[in-house]
Amino acid sequence: MWGLEPTSRRGPRRGLDLDRITAAAIAIADADGLAGVRMSSVATRLGVSTMALYGYVGSKEDLLTAMADAVVPEPPEPDGVPWREYLTTWTRANRDFLAGHPWLLSGSPAVPPTGPRALRWLDRALVALDGTGLDAGEAINIATALSGYARSSATLAIGLHGAVGEAPPGPVGYAEVLARVLDDRGHPALHAAVHAGAFGPAEQWVEDTDFTFGLDLLLDGVQALITRRSGEKA
């Protein structure tokens, strides 16, 4: 991924490289999920033997790591945009590419990014927060929190609407089910919220209204931290 190792000379034909292998694996994952990604299925798609792949990828786990980085688009550039505006764009873009490749959500969120593209997202968030008075550790924690929010929002979007190309699982019925099963004794506050229409239209859960509301809560916290740090240094 980083171009730090010499190109393997093994393989059945010229042109087989990590980029081609990961592109084939990503196409399979987009169509069939991670369950469809096997060294044999990738080899078949490329028209090579399974053993030929091991000259470029040491294991399926290595392949999944390379896939997770290769599918990530380049992050938006800060270009002097105010930190809050940039991080709003950054988080929304993060959510969108995750929702577009649901298999990314099957990976463990506890694993930190290791590839060059994924780490560029972290780098650009740090660039945006430079000059706010926050230290590097605080900036990394902010980026981590926003990434987690993007991930949970993408998960919700897929849960409500299904993956791209799939029939929606019927999100409108969720609030209706809650209204039938909840009572004001076991879940009094939630019962009242459901009957007050707190969940809103299903689309609102995953589009800008509720997404922006939650994101603004996080960014308000960042702003409060910046203001506090500024007061401590005054």
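Helices here are DSSP runs of H or I, at least four residues long, numbered from the N terminus. The model is predicted: local features need pLDDT of at least 70, side-chain atom pairs count only at pLDDT 80 or more, and totals for chains, interfaces and linings use all residues. Residues are numbered from 1 along each chain as its sequence is written, and side-chain values use heavy atoms, with hydrogens and water left out.

**Exercise 1.** List the buried residues of α2 and find their packing partners.

*Solution.* 
- Step 1: take residues 39-46. Here M39, S41, V42, A43 and L46 are buried.
- Step 2: look for contacts (heavy atoms within 4.5 Å). The buried residues of α2 pack against α1, α3 (50-53) and α4 (60-70).
- Step 3: step past the helix end. G47 follows α2 and has a positive phi, near 75 degrees.

**Exercise 2.** Describe the largest nonpolar core.

*Solution.* 
- Step 1: define it. Such a core is a set of buried Ala, Val, Leu, Ile, Met, Phe, Trp, Tyr and Cys residues joined through side-chain atoms within 4.5 Å.
- Step 2: count. The largest has 48 residues, and I21, V42, L63 and L87 have the most contacts inside it.
- Step 3: find the top contributor. α7 gives the most to this core, seven residues.

Technical notes:
Buried < 20%, exposed > 50% of the residue type's maximum accessible area, 1.4 Å probe, protein only. Helix = DSSP H or I, 4+ residues; strand = E, 2+ residues; numbered from the N terminus.
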